[in-house]
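Have the model open while you read.

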Amino acid sequence: MGGSDHGPTPHDLLLSSLASCTLITLKMYAHHKHWPLLALDVELSFTRDEAAEDAVTVERVITLHGPVSDAARAELADLAERTPVTLRLKPGLPIHTIFRQASAPAMAEA
């Protein structure tokens, strides 16, 4: 229709809304709890089950940066499953979430 295909696809927009909702919700919660969460990354992708036609899952990888305790990480993992966009999508689109702790930056040798 005359476009140049430079914009995001509808699937990209769906994933970006899930990513931004996840980031905002977890960051606000960690800030409210005064946890030392320096940053967090959310990576999303669609995975398709080749054996089952039209079986698609969203894989969400959340990487925490900062010295967050195991208890805080568990609370954030629970909260990630209850963000507004996650709750809206999960009935029709499975979302598999993986939490990772970022490795500490390497110390420079003197």
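1. Start with the helix pair: the axes of α1 and α2 come within 10 Å and cross at roughly 145°. Axes here are lines fitted to C-alpha atoms, for helices over the stretch in contact, with angles from 0 to 180 degrees between N-to-C directions. Helices (H or I, at least four residues) and strands (E, at least two) are DSSP runs, numbered from the N terminus. On the α1 side, Thr25, Leu26, Tyr29 and Lys33 make the contact, meeting Glu75, Leu76, Leu79 and Ala80 of α2 (contact means heavy atoms within 4.5 Å).

2. A word on the source: this is a predicted model, with local features needing pLDDT of at least 70 and side-chain atom pairs pLDDT 80 or more, while totals for chains, interfaces and linings use all residues. Numbering runs from 1 along each chain as its sequence is written, and side-chain values use heavy atoms, leaving out hydrogens and water.

3. Which residues of helix α2 are buried? In α2 (residues 70-80) they are Ala72, Leu76, Leu79 and Ala80. Seen down the axis of α2, they fall within an arc of 100° (taken from the directions from the helix axis to the C-beta atoms), so they line one face of the helix. Asp70 and Ala71, on the other side, are exposed. Buried means under 20% relative accessible area and exposed over 50%, with partly exposed in between (1.4 Å probe, protein chains only).

4. Now the sheet: three strands form an open, mixed sheet in the order β1-β2-β3. β1 and β2 run antiparallel, joined by 10 bridges; strands pair if DSSP finds at least two bridges between them.
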